[in-house]
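Dear colleague,

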Amino acid sequence: MFKVLFTVAMVYGVWFVFKHWNRITAAHKVVMDEKRREAADQAARAPRTPVAQDLVPCPKCGSYIAAGSPCSCEKA
Ligand SMILES: [Zn+2]
């Protein structure tokens with residue numbers, strides 16, 4: 001008797017998965033998107049590595065300034 005019930009349950013389970021496969025994959029996709037978004041949020045919140053900037057000595061005063069930016073001695 002149990003065998004028959006088990007077989008019926010298995011067939012019903014396979015049929016159920018087959019029938020709702022699209023919904024199952026859609027739900028799975030939603031969960032995976034949520035996880036990916038959380039991971040992205042965490043990555044955005046994590047401290048970023050500082051961007052390296054080349055410093056060049058000012059030809060006039062000799063103080064080191066970022067390359068391409070005007071020295072403060074030229075403004076004065
Ligand atoms: Zn200067």
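I begin with helix H2, which lies largely in the open because the number of buried residues among its 25 is zero. The model is a predicted one, and the remarks that follow should be read accordingly.

Helix H2 covers residues 21–45. Its end C-alpha atoms are 36 Å apart, which agrees with the 36 Å that its 25 residues should span at 1.5 Å a residue.

From its first C-alpha to its last, H1 reaches 25 Å, close to the 26 Å expected for its 18 residues at 1.5 Å a residue.

Turning to the protein chain as a whole, it contains three helices and two strands. Read along the sequence, these elements follow the pattern α-α-β-β-α.

The overall dimensions come next. The C-alpha trace of the protein chain spans about 100 × 20 × 15 Å along its principal axes. The radius of gyration of the protein chain is 32 Å, whereas a compact globule of 76 residues would have one near 11 Å. Of the 76 residues in the protein chain, 0% count as buried.

Finally, the domain assignment divides the protein chain into domain 1 (1–45) and domain 2 (48–76). The C-alpha centres of domain 1 and domain 2 lie 58 Å apart.

Yours sincerely

Key
Residues numbered from 1 in each chain as written. Predicted model: local features only at pLDDT ≥ 70, side-chain atom pairs only at ≥ 80, totals over all residues. Helix = DSSP H or I, 4+ residues; strand = E, 2+ residues; numbered from the N terminus. Expected span 1.5 Å × (residues − 1). Domains from an automatic or database assignment. Buried ≥ 20, exposed ≤ 12 C-beta atoms within 10 Å, placed from the backbone. Rg over C-alpha atoms; globule rule 2.2 N^0.38 Å.
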